[in-house]
Structures are given as C-alpha cells and as structure tokens.
Amino acid sequence: MDKVGGERSLELPPLRGLDDFLLDSARFQLPNLRDFDKWGNRVVNNLLYYQTNYFFTSIIIFGLVGLIHPGKMIVGMLVCTIIVTAFAYLSMEGRAVHNFKRRYPGSGVVLMLTAGCFLTYTLGSLLVFLLGILLPFSVTFVHASMRLRNLKNKIVNKIEGIGLKRTPMGVLLEQLENISGMALNAQTSVIQKIH
C-alpha cells in the first residue's frame, strides 16, 4: 500500500479485481428506494471499498470521451476555464465593472452580446466537456448504489470506520460531512442529520 505523506498518513487501498468489482462474484440489486438509510450506507461503504477502482474507471471514461471528441473536449476545457476566470474577475472587481458600464453603456451591451454568441457557438463543446466530467460521477454512483456488499467489504469498512486506516475517499466523505451537516458514517448503518 502506498503511503502519502502528511500529518496523518493516508493509505491508498488496493485495486480490487475485475471479478469482484464487476464480473462473476459481483452481486447487483436495485436499492430499496424507501429506505434511504440503508441505501446511503451501501453507497458510502462501496465508495470506501472500491475507491481505487472508481478512480481508474473515472479516468478511463474521461479519456474515452476525450478520444471520441478530442477537439470539442479541448475547446470545452478552454471555455470552462474562461467562464470560471471571468466569473472570478467579475466577483473580485465588481465596482470597477459597474463604473465601466456606467461610463460606456454601449460597450457593456456589446460585450454581453459577444459573450452570449461565444457561449452559444461553443455550447456543444462545453456540453461534451461536462459529459466527460459528470458521466464518471454517474457511473460511480450507480455502481455504488447497486453493488451488494460482501464480507471482505464489510470488514475493510469497519477498519476504516474506526479510524485504523485513513483513505482518500474517507477524507473526502469526512469533508462532505463537515460541509453538508450530514453524518456519512460507514461503521454504522445510519445517515443522520447533525444538529
């Protein structure tokens, strides 16, 4: 197991076999949509157990989308970068932008029309890039929801849950718990609201 340096070291879990992850010994079942606690517990435990497999699956799916539409993927990345940069600039320099629009009202309209045309022209590329990002998340969630746990999965999750071993997905779920206020607890079968 690889150890990543830090205050509390992280251990990268092993890559689970394709037979265990997807093929013969893997058992799948639709989750009980009426019991969110049990369904959430299954998702959290599968995310912890198969996290290395999910990471590689995400890279493969993103790469396949990029291979199918390489030009659109690159343009989509550039458009996304431009949008995020423009939003950050406008958020930080709001007063300067407001003063510019006041002094030159016609140029503000021209800039808005130009930005709208640019987004419309590159919308297909932006959608391909977003598909490349969101499809791996969807595949991971569907697999984690439908994959039934086995005994080895339960034992590994208990070890992670009591803090004997820290993994990247465990840290991510811990941060999501802090942000959302939902207790994503792998060692119990409860997902509860924190007050």
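**Confidence, pockets and a buried residue**

Tutor: Over residues 187–195 the pLDDT stays under 50, and the model has 22 contacts there beyond four places in sequence. A contact means heavy atoms within 4.5 Å, and pLDDT is the predictor's confidence in each residue, from 0 to 100. This is a predicted model, in which local features need pLDDT of at least 70, side-chain atom pairs count only at pLDDT 80 or more, and totals for chains, interfaces and linings use all residues. Residues are numbered from 1 along each chain as its sequence is written, and side-chain values use heavy atoms, with hydrogens and water left out.

Student: How do you know what confidence the chain has on average?

Tutor: The chain averages a pLDDT of 80, and 84% of the residues score at least 70. Residues 1–6 have a pLDDT below 50, with 13 contacts in the model beyond near neighbours in sequence.

Student: Why is E11 called buried?

Tutor: E11 has a relative accessible area of 18%. Buried means under 20%, exposed over 50% and partly exposed in between, with a 1.4 Å probe and protein chains only, so E11 is classed as buried.

Student: What makes the stretch that holds E11 a strand?

Tutor: E11 is found in β2, residues 10–11.

Student: What makes a space a pocket rather than a cavity?

Tutor: On a 1 Å grid over the protein atoms alone, a cavity is a set of points where a 1.4 Å probe fits but cannot get out, whereas a pocket is an open set with protein on both sides within 12 Å along at least five of seven lines. The largest pocket holds about 740 Å³ of space. It is lined by 26 residues, with L47, F137, T140, M169 and L172 closest to its centre; lining residues have an atom within 4 Å of a point.

Student: How do you know which helix supplies the largest share of this lining?

Tutor: In the largest pocket, α3 supplies the largest share of the lining, 7 residues. At least two lining residues come from each of α2 (36–49), α3 (51–68), α7 (123–146) and α9 (168–180).

Student: How large is the second largest pocket?

Tutor: The second largest pocket has a volume of about 560 Å³. Among its 17 lining residues, A86, L90, L111, M112 and A115 are closest to the centre. The helix that gives the most to this lining is α6, with 8 residues.

Note on methods. Points joined across faces, edges and corners; volume = space filled by probe spheres on them. Helix = DSSP H or I, 4+ residues; strand = E, 2+ residues; numbered from the N terminus.
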